[in-house]
Amino acid sequence: MAIDKAYRWRLLAERLQRRYSSSRYPAWRRGGGILNRIRSYHRKVRNILEEWARNVSLKIVGLSLRLGYAVARENLTGLIKALRKMPKDHRTKLIIMGYSRLGRWIDWQAMKHGAPIVIVDPRGTSSECPNCDSKLEENGYRRLRCPSCGFEADRDIVGKLNTRKRALEILGIKADFGELRTLQMTDVNPNRCGESMKRSEARGFDDDLRSPRPLRAGGGQLYYKN
Ligand SMILES: [Zn+2]
């Protein structure tokens, strides 16, 4: 939803820009007002994405602190490289922009509030079996199945389980398959675009970035392996 909203503003800005730069557009109408309007549309796009990323990151870090879990996320560097090659007005570009902001916000909130944060290599996270590392096969719409051990799940779940598995490896914690099942049932799904957090849920978290305070002693630890 946030992405759709941002995308609408982006389209408005692009349309205005095109009209403004066309030679048919009478010179007398090319005032500074239109340029300012285009700029304000672009600002709006950035603000919507920023607000979304801030809310979702707070939700994730808040949950991790309440449950005593570490936060794991994929390294998005590859995704951001792909982004540079995309046309400016592409919707996917906005989605990737949203995720890269989300990544930065999650790291920041985790460090600030003292949750351990682990960044994992994203290669193969949605194609390898989280149970036995075999290559998964397609099995219906968004479903993947392992030909060697029979594990089967939605591809989003597979991605999360692998991210979790890699994070546990980096932390030096052993996971077993019994845990995988319970995780599927209670799995939170924070990486859907457009989920936002109610003000009341955010209570107790000081997220005022206008006056960032130094990180608490013994604050979040960043784990990172390349
Ligand atoms: Zn398997």
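Does Arg166 count as buried or exposed, and at what relative accessibility? Arg166 counts as buried, at 17% relative accessibility, where buried means under 20% relative accessible area, exposed over 50% and partly exposed in between (1.4 Å probe, protein chains only). The close-ups below come from a predicted model, in which local features need pLDDT of at least 70, side-chain atom pairs count only at pLDDT 80 or more, and totals for chains, interfaces and linings use all residues. Residues are numbered from 1 along each chain as its sequence is written, and side-chain values use heavy atoms, with hydrogens and water left out.

**View 1. The whole chain has seven helices and six strands.** Here helices (H or I, at least four residues) and strands (E, at least two) are DSSP runs, numbered from the N terminus. Starting at the N terminus, the order of elements is α-α-β-α-α-β-β-β-β-α-α-α-β. The chain has 226 residues, of which 36% count as buried.

**View 2. The zinc ion is held by Cys129, Cys132, Cys146 and Cys149.** Donors are N, O and S atoms within 2.8 Å of the metal (3.2 Å for Na, K and Ca); water is not among the atoms, so sites may look incomplete. The angles subtended by the four donor atoms run from 104 to 118°, so the arrangement is tetrahedral; for four donors, that term requires all angles to lie between 85 and 135 degrees. Along the sequence, the donor residues follow the spacing C-x2-C-x13-C-x2-C. Cys129 sits in the loop between strand 2 (117-120) and strand 3 (137-138), and Cys146 in the loop between strand 4 (143-145) and strand 5 (152-154), so this pair ties together parts that are 17 residues apart in sequence. Cys129 and Cys146 are both buried.

**View 3. Arg166 and Glu128 join their side chains in a salt bridge.** A salt bridge is a side-chain nitrogen of Lys or Arg within 4 Å of a carboxyl oxygen of Asp or Glu. In this pair the N to O distance is 3.2 Å. The link spans distant parts of the chain, with Arg166 in helix 5 (residues 155-171) and Glu128 in the loop between strand 2 and strand 3, 38 residues apart. Glu128 is partly exposed, at a relative accessible area of 29%.

**View 4. Two other salt bridges are Asp121 with Arg123 and Arg143 with Glu152.** By the rule given above, the count comes to nine salt bridges. Between Asp121 and Arg123, N and O are 2.8 Å apart. Asp121 is partly exposed at 24% relative accessibility, whereas Arg123 is exposed at 61%. For Arg143 and Glu152, the closest N and O atoms are 3.3 Å apart. Arg143 is partly exposed at 32%, and Glu152 is partly exposed with a relative accessible area of 32%.

**View 5. Helix 1 (residues 2-21) crosses helix 4 (residues 91-113) at roughly 125°.** Their axes come within 10 Å; axes are lines fitted to C-alpha atoms, for helices over the stretch in contact, and angles run from 0 to 180 degrees between N-to-C directions. Helix 1 is therefore oblique to helix 4 (under 35 degrees is roughly parallel, over 145 roughly antiparallel, 65 to 115 roughly perpendicular and the rest oblique). Tyr7 belongs to helix 1 and is partly exposed, at 22%. The C-alpha atoms of Tyr7 and Thr92 are separated by 9.6 Å, although these residues are 85 apart along the chain.

Note on methods:
Tetrahedral: all angles 85-135°; square planar, octahedral: opposite > 155°, others 65-115°.
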